Amino acid sequence: MAHAFRRRADGTLACRLDGEEKAIIAQVAQETADLIRADLGIDADGDVLRRAALSEDPLRRLEAEFAGRDARMPADSAVRRLFPAASEDPDLATEYRRLAQQDLADGKLADLGLVMRILDRTGGGHGEVVIDDIESMAMLRALNDVRIVLADRLGLERDGDFDTVRMLQQIGEQVEDAEPVGDDEHVGSDIVIAVYELLSWLQESLLRALD
């Protein structure tokens, strides 16, 4: 069972998670990173462009410069939430995306990767997760990004939407003589709701410990 973050005497922050909780958080962090890479084409072009930009061949560097001028517009609704348009003016939004999207994506991927490494270094079983202040900031950002993706999958648009979803789920569980619900879609939604709650609780716990 998870125990909330607390500030330790040495200044670090620590919480306790069981092996399943750590595995779930690491998995959704990995899936969020995979989604960002796939939707923005980072796997397909990003590494190639980086290597070309660092090449000693001036022609390859020039090709990389021109290729990097267009940033891909996110196609996935969750990725669009992570990388929203910076302006209502289409030209300004495109220019900002061209200039900033890759760096923003790099930052998000770095945060998600750090969270996975933090969880990995604690081992697979129940144990304490200890982080410093710098890591705590990365974890807060990463948890928020994963929650944004899960919120999109749950159809949450506004504050309070999750309470409605949770209430409807609880009503469904409590209705006597209700037809058994065991299809994959409902089971999947229940899991997403549970993971969203876990991440929300962990994020709030970390924020309180940082105060």
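How are α5 and α6 oriented to each other? In this predicted model, where local features need pLDDT of at least 70, side-chain atom pairs count only at pLDDT 80 or more, and totals for chains, interfaces and linings use all residues, the axes of α5 (residues 90-121) and α6 (residues 133-154) come within 8 Å and cross at roughly 110°. Residues are numbered from 1 along each chain as its sequence is written, and side-chain values use heavy atoms, with hydrogens and water left out. The two helices are therefore roughly perpendicular (65 to 115 degrees) to each other. Contact (heavy atoms within 4.5 Å) involves, among others, L112, V115 and I118 of α5 and A138, M139 and A142 of α6.

Now for the sheet. It is open, with three strands in the order β1-β2-β3 and antiparallel pairing; strands pair if DSSP finds at least two bridges between them. Helices (H or I, at least four residues) and strands (E, at least two) are DSSP runs, numbered from the N terminus. β1 (3-7) and β3 sit at the edges, each pairing on one side only. Five antiparallel bridges link β2 to β3, and A14 has V130 in β3 as its bridge partner. α1 packs on the sheet, touching β2 and β3, with its direction at about 110° to that of β2. α6 also packs there, touching β1, β2 and β3, and its direction makes about 105° with that of β3. Axes are lines fitted to C-alpha atoms, for helices over the stretch in contact, and angles run from 0 to 180 degrees between N-to-C directions.

How values were computed: Angles under 35 degrees count as roughly parallel, over 145 as roughly antiparallel, 65 to 115 as roughly perpendicular and the rest as oblique.
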